[in-house]
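Subject: Structure for your review

Dear colleague,

Please find below the sequence and the structure that I am handing over to you.

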Amino acid sequence: MLKEIKTRTIIAPHPVLIIGTYDEEKNPDAMNVAWGGQCWSNQIALNISTNHKTTENMHKTGAFTVHIADEERVELADYVGITSGHDKSKLSRVNATVTPAQKVNAPIIEEFSLVMECKVVSMIENGDGSTRVVGEVVRTAADDTIIDENGKIDYSRLHPITFDSESNSYRALGPIVAKAFSVGKKLQ
Ligand SMILES: Cc1cc2nc3c(=O)[nH]c(=O)nc-3n(C[C@H](O)[C@H](O)[C@H](O)COP(=O)(O)O)c2cc1C
């Protein structure tokens with residue numbers, strides 16, 4: 001029997017997405033987003049505060065990059081989530097290696113091993129200080145070290161981190177427990 005607890009949204013794991021944008025002078029910015037994810041085969045949805053530098057930048061450029069944060073870069077991932085681009089040039093402060101994306105007007109932060117370049121499809125203000133952004137993935141790039149023999153991303157080499165909003169912590173991704181679209185067949 002389940003016991004009622006305080007009403008709140010408890011979803012785990014949240015991804016840890018590092019969103020890269022340029023301002024009008026091509027100054028790069030990055031932020032940490034946990035309220036985001038894949039929302040169609042080639043689309044990513046983000047829920048971000050309307051007053052973030054990132055949101056302002058997206059309105060101007062119509063573009064952003066999505067990097068997957070990993071265990072090795074957890075400090076960098078957290079840092080861009082607790083420092084605003086309105087206050088300081090956060091990426092140059094930590095000497096991050098920034099290069100322009102190839103298909104969109106947004107920066108790539110080379111420290112991360114997996115990046116998706118996105119064109120903004122829609123930005124809708126929710127009326128509560130947040131904006132829902134949908135982007136279309138137009139290019140994906142990955143470091144050789146995380147690509148397996150079949151050209152797929154090997155998560156056991158990428159070491160992606162997830163966000164646990166109950167304990168305000170970053171957690172590692174666990175091992176494979178079963179094959180999807182398959183293990184349930186036993187009950188059909
Ligand atoms: C773990 C974590 C998750 C976060 N998730 C979100 C999020 O989903 N949406 C959001 O608006 N801000 C989120 N933030 C806060 C922003 O990353 C932070 O306010 C950042 O400084 C905004 O940067 P900017 O002003 O340069 O765009 C998160 C921060 C952390 C540390």
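Strand 9 pairs with strand 10 (residues 130-142) in the antiparallel sense, over eleven bridges. Strands and helices here are DSSP runs, numbered from the N terminus: E of at least two residues for strands, H or I of at least four for helices. Two strands count as paired if DSSP finds at least two bridges between them.

As to provenance, this is a predicted model, in which local features need pLDDT of at least 70 and side-chain atom pairs count only at pLDDT 80 or more, while totals for chains, interfaces and linings use all residues. Residues are numbered from 1 along each chain as its sequence is written, and side-chain values use heavy atoms, with hydrogens and water left out.

Strands 9 and 10 form a hairpin with four residues between them. Gly127, in the turn, has a positive phi of about 85°. Ser122 belongs to strand 9 and stands opposite Val134 in strand 10. Ser122 counts as partly exposed because its relative accessibility is 25%; buried means under 20% relative accessible area, exposed over 50%, and partly exposed in between (1.4 Å probe, protein chains only). Between Ser122 and His59 there are 63 residues of sequence separation, yet their C-alpha atoms are 9.9 Å apart in space.

Strand 9 (residues 114-125) is also joined to strand 6 (residues 63-68), by five bridges in an antiparallel arrangement. Within this pair, Phe64 stands opposite Cys118 of strand 9.

The structure holds zero disulfides, a disulfide being a pair of cysteine sulfur atoms within 2.5 Å.

An open sheet of three strands has the order 1-11-12 and antiparallel pairing. Its edge strands are strand 1 (14-15) and strand 12 (169-172), each of which pairs on one side only. Two bridges join strand 1 to strand 11 (residues 161-164), and His14 stands opposite Phe163 in strand 11.

In helix 2 (residues 74-82), the residues Leu76, Ala77, Tyr79 and Val80 are buried. They lie on the same side of helix 2 because they cover an arc of only 165° around the axis, the arc being that of the directions from the helix axis to the C-beta atoms. Glu75 and Ile82 are exposed, on the face of helix 2 turned away from its buried side.

Finally, the ligand. It is surrounded by 21 residues, the closest being Asp29, Asn32, Trp35, Thr54 and Gly85; a residue counts as near if one of its heavy atoms lies within 4 Å. Ligand oxygen atoms lie 2.9 Å from a polar backbone atom of Trp35, 2.9 Å from one of Thr83 and 2.7 Å from one of Gly85. On its own the ligand has 650 Å² of accessible area, of which the protein covers 86%; accessible areas come from the Shrake-Rupley method with a 1.4 Å probe, and for residues only the protein chains shown count as cover.

With kind regards

Definitions and conventions. Polar contact = N/O pair within 3.5 Å; in protein donor to acceptor, adjacent residues only side chain to side chain.
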